[in-house]
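Please open the model in a viewer and keep the selection panel at hand. The stops below proceed from the overall division of the chain to single residues.

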Amino acid sequence: MNNRDQTRPSSHEAGASLSLAPDRTPAWADLTRHAERKRSLSIQDCFDCDPTRAERYTLDCEQLIADFSKHLIDDQISQSLLDLAREMQLAAEIKAMFSGATVNPSEGRAALHTALRGQSEDGFDPDLLKAIQGQLNQVHQISDAVRDGTWLGVNGKPIRDVINLGIGGSDLGPKMATTALREFAHPDIKCHFVANVDGAEIESLLKQLDPDTTLVILASKSFTTRETLLNAETVIRWFSAHLNCDNPQASAHFIGITEQPEKAIAYGLDPERVLELWDWVGGRFSLWSPVGLAVVISIGFEAFRDLLNGARAMDNHYRSAPFEHNIPVQMALLGIWYSNFLGAETHAIVPYCERLHHLPGYLQQLEMESNGKSVNRHGEPVDYKTGTIVWGETGTNGQHSFFQLLHQGTHLVPVDFIGFREDRLSNARQHRTLLANMLAQGAALLSGFEDKTGASYRQQPGNRPSTTLLLPRLTPFYLGMLVALYEHKVHAQGIIWGINSFDQWGVQLGKLIADQLLTEGCEALTLDASTTALFRRLFG
C-alpha cells in the first residue's frame with residue numbers, strides 16, 4: 001500500500017528564527033567579549049573557585065549522565081550561550097520540527113524522524129502514526145520469519161546471511177547499530193554491509209556465502225543510487241549463476257526499501273517485498289525506519305522497539321527540559337562556543353567500547369552532512385563558521401594514535417568520551433581497566449603535566465576540554481538515547497546557525513560529473529586540465 005499521500009506534513013512553514021542572524025544578536029556580542037579573555041580561562045581555576053562545579057555542570061536523563069564540567073566555560077559564558085539559544089528562538093523551532101512544519105525549506109519538507117519512534121500521546125498526526133505502524137508491522141513480520149527460519153529461499157532453505165546494500169544513511173546507521181548491539185544478535189544469522197562501489201568488497205563477500213541461504217536488502221531512498229544498484233547487479237548475477245534462476249530479484253532472496261516503490265517494482269522486486277520510506281525521512285535520520293530492517297533481523301523486533309523507545313525518551317527530554325538542563329542543547333551550545341568563538345575546527349568522538357567503532361563515522365555523516373552549509377535558510381551566504389569536522393576512534397585504541405596531538409598539539413579539539421558502567425560481554429578486570437583509561441584521559445587533558453626538570457618536550461599544557469557521557473550499559477534502549485542525543489544536538493546547532501540541517505545539495509555535483517564521465521567521457525565536458533589529463537591516463 002502506498003502510504004505517502006496519507007502522511008504529508010503540515011503546510012505551515014517553520015521559521016521563527018528564519019530571518020534572524022546569530023551574529024547580530026546581543027548574546028553573540030557578549031560571547032565575542034567573553035572569548036577575548038580565553039587565555040585567562042582555566043578549567044582548573046573554575047573547579048578551585050566552585051567546589052560544586054562537577055555537580056552543577058552534570059546533567060542526567062534516564063540514567064544517561066552528561067558531565068560538562070571539564071569545559072572552558074564559566075557561569076557567565078553559560079548564561080550568554082543560553083541567551084543565544086533563546087534569541088534564535090530555539091524553543092519555537094523545536095516545537096515546529098515535532099509538529100511536522102516545513103523545516104526543510106529548500107525541499108519543502110518536514111523532518112519527522114521523531115515520529116518513527118513516536119506514540120499516540122506525543123501529538124503526532126494519527127494518520128501518520130498509522131502509516132508508520134503499517135510499515136513497522138511489515139518489518140516485524142519479515143524479521144520474525146527470517147529469525148525463526150520460515151523465510152525460505154528458492155530451494156526451500158532458511159536464511160543464514162543477510163547482505164544490506166545501501167550507502168550513506170542506508171548503510172552507516174544499520175551497520176553501526178547492528179555492530180553495537182552484537183550482544184543481542186541472533187546466534188545463527190550474520191548481517192553484512194556493503195556500501196562502496198569498489199567491486200572488491202562485494203566480490204570478496206559473495207565468495208564466503210551460500211546463495212541458497214542469503215537474503216539481500218536493497219536500501220535506496222531514490223532507488224537510483226549508482227553504488228547500490230551496481231552492487232545489486234553483481235549480486236543478481238551471482239544468484240543467477242549459482243541458483244540457475246532468472247530474475248532472482250523477484251524471489252524471496254530480495255527485499256527493497258525505498259521512497260520510490262514503483263522504481264523498485266520496475267527493477268523486478270516483488271511488490272509484497274518492498275518496504276516504503278517517506279520524503280520527510282532524511283537518509284541520515286532513517287535508522288528508525290524500515291531502513292533498520294537488518295538491525296531488526298539481527299536483534300529481534302522487541303529489542304528494536306527498545307531502540308525506538310530510547311530515542312523517544314531523548315525526544316521527550318529535548319522538547320521539554322529547560323535549556324539549562326537540556327543535554328542536547330548544552331552539547332550544541334558548547335560546540336558553537338568552541339567553533340565560533342574559540343577557533344576549534346574539529347571535534348573528536350571517543351567511545352570506550354569497541355562495539356561502537358562505527359559510531360564516529362555515523363556521527364560524521366550526521367553532523368557534517370547536516371550542518372556543513374555556507375548559506376542560511378534564505379539561501380544567503382553566511383559570514384560565520386557553521387558545522388564541525390567530526391572524527392574519532394574507540395578507546396583505548398585512539399590513545400596509541402591521535403591522543404598525542406590532543407595532549408601536546410597546537411589544535412584545540414574538544415572530545416566526547418562515551419562509556420558504559422557495565423559490559424556483560426567483557427570481564428570485570430578488563431572493563432574496569434577500560435573505564436579507568438577513559439577517566440584518566442579526561443583528567444590528563446584537564447590537568448596537564450609540568451615537568452619539574454624543565455624538559456619542554458614533556459610538558460603538557462592541560463586546560464583541554466572534554467565531555468563525558470556515561471550510560472548504564474550498551475543496550476538497544478541506551479543506544480537509541482545516545483543516537484537521538486546527537487540528532488538533537490545537530491538540530492539545535494542548525495537552528496542557532498540559521499541554516500537548514502535537513503538538505504544536502506553539496507553531494508550532488510560530484511555524482512553528476514561522475515555520471516557524465518562514465519556516459520560521455522571527458523571530451524564532452526568542460527573540465528579542468530588536471531581532471532582531463534587524469535581521465536586520459538586512466539581510461540585512454
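Begin by colouring two selections: the chain is divided into domain 1 (22-88 + 321-503) and domain 2 (114-302), with bounds that come from an automatic or database domain assignment. Their C-alpha centres lie 34 Å apart. The contact between them (contact means heavy atoms within 4.5 Å) takes 26 residues from domain 1 and 19 residues from domain 2.

This is a predicted model, in which local features need pLDDT of at least 70 and side-chain atom pairs count only at pLDDT 80 or more, while totals for chains, interfaces and linings use all residues. Residues are numbered from 1 along each chain as its sequence is written, and side-chain values use heavy atoms, with hydrogens and water left out.

**The parallel sheet**

Helices (H or I, at least four residues) and strands (E, at least two) are DSSP runs numbered from the N terminus, and two strands pair if DSSP finds at least two bridges between them. The five strands form an open sheet in the order 4-3-5-6-7, with parallel pairing. At its edges are strand 4 (190-194) and strand 7 (274-276), each of which pairs on one side only. Neighbouring strands are turned by 20 degrees against each other on average, direction ignored; here axes are lines fitted to C-alpha atoms, for helices over the stretch in contact, and angles run from 0 to 180 degrees between N-to-C directions.

Four of the five residues of strand 4 are buried, where buried means under 20% relative accessible area, exposed over 50% and partly exposed in between (1.4 Å probe, protein chains only).

Helix 6 (residues 126-147) lies across strand 5 (214-219), strand 6 and strand 7, at about 145 degrees to strand 7.

**His 253**

Centre the view on His 253, in the loop between helix 9 (226-243) and strand 6. Is this residue buried or exposed? His 253 is buried, with a relative accessible area of 1%. Its side chain reaches the backbone nitrogen of Val 154 at 3.1 Å, a polar contact (a pair of N or O atoms within 3.5 Å; within protein, one must be able to donate a hydrogen and the other to accept it, and residues adjacent in sequence count only if both atoms are side-chain atoms). Beyond four places in sequence, the contacts of His 253 include Pro 211, Asp 212, Phe 239 and Leu 243.

**The mixed sheet**

Move to the six strands that form an open sheet in the order 1-2-11-10-8-9, with mixed pairing. Strand 1 (58-61) and strand 9 (389-392) each have a single partner strand, so one side of each is left without a neighbour in the sheet. Within the sheet, four bridges join strand 8 (residues 346-351) to strand 10 (residues 415-422), which run parallel; Ala 348 stands opposite Val 415 in strand 10.

Helix 13 lies across strand 1, strand 2 (64-67), strand 10 and strand 11 (466-473), running at about 140 degrees to strand 1. Helix 17 also packs on the sheet, and its direction makes about 150 degrees with that of strand 11.

**Helix 4**

Select residues 75-87, which make up helix 4. Among its buried residues are Ile 77, Leu 81, Leu 82 and Leu 84. The elements that cover the buried residues include helix 1 (26-35), helix 5 (90-99), helix 13 (327-341) and helix 17 (476-497). At the N-terminal end, Asp 74 caps the helix, with a side-chain oxygen 3.2 Å from the backbone nitrogen of Gln 76. Just after the helix, Gln 89 takes a positive phi of about 55 degrees.

**Met 97**

Finish in helix 5, at Met 97. This residue counts as buried, at 0% relative accessibility. Its contacts beyond four places in sequence include Val 103, Tyr 318, His 488, His 491 and Phe 502. The C-alpha atoms of Met 97 and Ala 110 are separated by 7.1 Å, with the two residues 13 apart along the chain.

Technical notes
Expected span 1.5 Å × (residues − 1).
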